[in-house]
Amino acid sequence: ISRRNFLKHTSLFASGAAGSAVAVSAINLSAKTQSDQYHYHLTVKAAKANIVGGHITDILSYNGHVFAPIIRAKQGVPVRIDVTNELDEPTTVHWHGLRIPVNMDGVPGTGQVPIAPGDTFTYYFTPPDAGTMWYHTHENSVDQMGRGLVGLMLVDEAEPLKNAENEVVEFDHDIPVMLKNWHLNKDGSYYKISMKRYAARQGTPGLIYTANGQTDFEYDVKAGQTVRLRMVNTSNTQMYRLNVDKPELFKHHPLKIDVLDANPLDYDLAFKDFALGAGMRIDILFVVPDSAGQTLTFLDQHKPMFKLNILANESEKRASSLPVIPKNPVIVGDLDKAEKIEIVLEWAAADDKNGDPLFWNLNTQQGFAPASCKTPNQIADFKLGNSYLVDIRNNTQYPHPIHFHGHTFKVLSYANKDIQPYLADTVMLEKNEAAQILIYADNPGMWMFHCHVIEHMAMGLVGLVKVS
Ligand code: C2O
Ligand code: CU
Ligand code: CU
């Protein structure tokens, strides 16, 4: 592996070994955990980072680094993460995409007591599903996420991956890319993470784009090798329109989105102008084209995000088949028996009792009960074991990636058109669009249902769904 395939910034790799964390000079992005002891330590603390060339930015970090440790877990194997809060305010960790018990879900007020300054909380759970997940704070989220409290969690499949011929094969490269943009000026200082005029629209944009904490992340691959490229949108507000600059290099096998929110797709979804909303993830699987010397630049519309350099491959061997990502054990709801629920997203200027703006409405009620600006209103009551057909209508002029905690749902339609249904935990609704999702309520608890444009959540686009 070339030097480039290590991150430039010195990092601490959260170790798989019980009770210890091994300091290494860099995170090897391809590293698999050797041990079956999935025990990690995260310390939430203020740190300094070099994000914009030559300038120092004050960040909030997991273990001191702008690219937080990748938590590598395994489907069906318990993982333990001890989180120590060294901030001077409370925090929590939410494990986005994981169907785990509500008391491990990291939502203050409904799932857990926030971790007070100086305290340690142990998260302990068994991931039922494999795939590309992530973690982030769910406390004072606009500020804490905006300043860095986001990281990747990759859950390895319980069984070794196989190709279509049923032979065990591994990817030559498993490349996770944490996309985040920052509300930073060119000198590394912050501008306002949330500004009213944007919060009432698409969300306050971050102008500095990073991939894995770097503005110039690049990675070397060789012609003919197999790649699992994972992209995770950890930005506060940004919706990326994903593209690659040289689609013609893939003329025989056009790039497509193989996995969405950790669930393999049953149909071909072209990798072109794909709207990756905040919170969403995709995996694309491909064989590197025989185009040594070329560079593939991955773009948000036309803006570069990161690069893959194609190196010559001396070996004659070229991959002939890709591993197939197995399906997760998700129980899908029963459409015939499903109860219908409607959720309407609206724009509405209002203030909460502190005079802070509440620009967004869920079902004509502000997400937050007026008596407490912290606890969202309950919007639905689900019976354990029942199915719900949720009709979500975006009656606003802005996109909203809508996320439901603790469950994986089936998207039956979105963008006002019929599609091949797929499984996800977040569904994108662009302006005036509707989506229909089928939820099988199989995880008891009070669960968050919210827009992942985190300012929208903080300003009303949030509700609680009770499953009991
Ligand atoms: Cu990434 Cu409440 O979620
Ligand atoms: Cu979540
Ligand atoms: Cu939104």
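Trainee: Where is Asp216 found?
Mentor: This is a predicted model, in which local features need pLDDT of at least 70, side-chain atom pairs count only at pLDDT 80 or more, and totals for chains, interfaces and linings use all residues. Residues are numbered from 1 along each chain as its sequence is written, chains are lettered from A and ligands numbered from 1 in the order in which they are written, and side-chain values use heavy atoms, with hydrogens and water left out. Strands are DSSP runs of at least two residues (E), helices runs of at least four (H or I), both numbered from the N terminus. Asp216 is found in the loop between strand E12 (208–211) and strand E13 (218–222).

Trainee: What is the relative accessible area of Asp216?
Mentor: Buried means under 20% relative accessible area, exposed over 50%, and partly exposed in between (1.4 Å probe, protein chains only). Asp216 is partly exposed, because its relative accessible area is 41%.

Trainee: What distance separates the C-alpha atoms of Asp216 and Met305?
Mentor: Asp216 and Met305 are 89 residues apart along the chain.

Trainee: Which residues coordinate the copper ion (ligand 2)?
Mentor: Donors are N, O and S atoms within 2.8 Å of the metal (3.2 Å for Na, K and Ca); water is not among the atoms, so sites may look incomplete. For ligand 2 the donor atoms are NE2 of two histidines, at 1.9 Å. One lies in strand E7 (residues 94–96) and the other in strand E27 (residues 400–404), 309 residues apart. The residues are His94 and His403.

Trainee: Is His94 buried or exposed?
Mentor: The relative accessible area of His94 is 1%. His94 is therefore buried.

Trainee: What is the sequence spacing of the donor residues of the copper ion (ligand 3)?
Mentor: The copper ion (ligand 3) is coordinated by His400 (ND1), Cys451 (SG) and His456 (ND1), at 2.0 to 2.1 Å. His400 lies in strand E27 and His456 in helix H3 (residues 454–458), so this pair ties together parts that are 56 residues apart in sequence. The donor spacing is H-x50-C-x4-H.

Trainee: With which residues is His400 in contact, leaving aside its neighbours within four places in sequence?
Mentor: His400 is buried, with a relative accessible area of 0%. Contact means heavy atoms within 4.5 Å. With those neighbours left aside, the partners of His400 are Leu345, Trp360, Asn394, Val427, Met428, Leu429, Cys451, His456 and Leu461.

Trainee: How many aromatic pairs does the structure hold?
Mentor: Rings of Phe, Tyr and Trp (its six-membered ring) pair if their centres lie within 6.5 Å; planes under 30 degrees apart count as stacked, over 60 as edge-to-face and the rest as tilted. The total for this structure is 13.

Trainee: Which class of aromatic pair do Trp95 and Tyr135 form?
Mentor: Trp95 lies in strand E7 and Tyr135 in strand E9 (residues 131–136), so the pair ties together parts that are 40 residues apart in sequence. The rings are 5.4 Å apart centre to centre, with 40 degrees between the planes. The pair is tilted.

Trainee: What is the phi value of Ala262?
Mentor: Ala262 has its place in the loop between strand E16 (256–260) and strand E17 (263–270). Ala262 is buried, with a relative accessible area of 5%. Although Ala262 is not a glycine, its phi is positive, at about 75 degrees.
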